[in-house]
Amino acid sequence: RFGLSSRGLGDVYKRQDLLNTEPKQSVSSDVALKDITGIRALLISVYDRLQPSTYYGARIMIAPEIMADNVRLTNTNSNRYFNERVNAPSAHMQQFWANYAAINEANFIISAIDAANTTAADKAQIKGEALFLRALLYFDMARVFAYEPTKVVNGFNEGLILRTEPTDDVSKADFRARSTIEETYQFIEKDLKDAIASFPATGNRFRANKAAANALLARVYLYWEKYADAITYATAALDAPNGASLVSGANYVAAFAAAPNPESFFEINYVQATESLGVNESMHSLTTNLTTGNWGDVVPTNELLGLYEATDIRRTQGFFAATKGGEAVFFSRKFPGARGPFTDNIPVIRYSEVLLIRAEAYAATGKADLALADLNRIRTRAGATPVAATVTGTELMDAIMRERRLELVLEGHRFFDLKRRGEVITKASLSAPVPYSDFRILAPLPVGQIQLNPKLKQNPGY
């Protein structure tokens, strides 16, 4: 049995890789999931599980930036991300193991939707959303707990436990070993291809949609180093009639105050009247004190600021100078609290990121002219000097990776960019660089899960 409250399924399991909440309103699962109202409520619950500060609300946006070299803590701070700034052992993103709760809800939807009392078009839309969300949840976990398929260290190719069957009772749960990372990526790939096939051409950008699924699959292929596929799916996303487009430089900062952001293929929506991450945990409260005067612990590193040209609108308008605790700092304007101080929407994937995905894939396959065209669309929009046509090879790839830092800061990419490329983490807060072979690159699996499941192999070094 499970409850269909605003959180959807009740927690009925005793382990984190299943589902574990108290039911508030109980109906039998066979009844609830034949009625389309119950399925829609459960789908909202999956979206809801993306929102907390421990996931897209803050952690997946900030931790990958401070564990790398894009941001730092102010001298006076609340101790949030204090250990992540020095990449201390276990200071990582192991909280994402809890994604299995949302995955189980998605599994219920996928298994039940074909028999639901609604139209074929509605069934296809809902199934597409559930497949997209399951793929996103698994992919985020794979980035945290596993190496990429082409960057395995010392033969450690463990991926994730892959679950496709919903479980509504702990007695039905089984212990499983981790699939390989290649198998994990293949699973994510199939979910996204099936989602793309299910969606209509256009969709609501606050919900999973065809363009977003193409964009996310392009990102997956980039991590997988399947560059031709990354180009194909990035192009499909960029050409989609879905409303997302590259804004002009004059509108760059204002775009982050709009809902949806004009560049968003998919963003997580917070309803101002009923939802708030609060003064302590929101992106607004942690990255700016623009309207509230609170915290503002996380600011760009001097190194990052030094990479912007003087005319770059992302530098001149994207940050503003302030003083905190007697320290001169720059705060970001990406999360301005325009809809309420603690209810900024979170862009999961933006048009500019997909352009940079395609640029990187073009560069990796020797198509320098096409890579430069995509790269320079971003730079021209920002008012920065275009990269010269003579730049090729390693120099061009370095320029694209640098542009990802400038464009996507505080959107949760930098650590994962270094990780997927097997690069060393170097920053002022470290006493020594963190090489890709260091065990701290992967998060530890929760100890309780290892103790509970004898088939579950812990990551090296923990």
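**Close-up views of a predicted model**

**View 1. Lining of the largest pocket.** The residues lining the largest pocket comprise seven nonpolar, three polar and four charged ones (nonpolar: Ala, Val, Leu, Ile, Met, Phe, Trp, Tyr, Cys and Pro; charged: Asp, Glu, Lys and Arg; polar: the others, Gly among them). The model is predicted: local features need pLDDT of at least 70, side-chain atom pairs count only at pLDDT 80 or more, and totals for chains, interfaces and linings use all residues. Residues are numbered from 1 along each chain as its sequence is written, and side-chain values use heavy atoms, with hydrogens and water left out. A pocket is an open set of points on a 1 Å grid over the protein atoms alone, where a 1.4 Å probe fits, with protein on both sides within 12 Å along at least five of seven lines; lining residues have an atom within 4 Å of a point. The largest pocket holds about 250 Å³ of space, the volume being that filled by probe spheres set on points joined across faces, edges and corners. Of its 14 lining residues, Ile44, Tyr47, Gln51, Phe206 and Asn269 are the closest to the centre.

**View 2. Surroundings of Asn345.** Asn345 is buried, at 9% relative accessible area (buried: under 20%, 1.4 Å probe, protein chains only). Its side chain makes a polar contact of 2.9 Å with that of Asn269 (N or O atoms within 3.5 Å, one able to donate a hydrogen and the other to accept it; residues adjacent in sequence count only if both atoms are side-chain atoms).

**View 3. Surroundings of Arg421.** The side chains of Arg421 and Glu423 form a polar contact at 3.0 Å. Arg421 and Glu225, 196 residues apart in sequence, have C-alpha atoms 9.4 Å apart.

Methods:
Buried means under 20% relative accessible area, exposed over 50%, partly exposed in between (1.4 Å probe, protein chains only).
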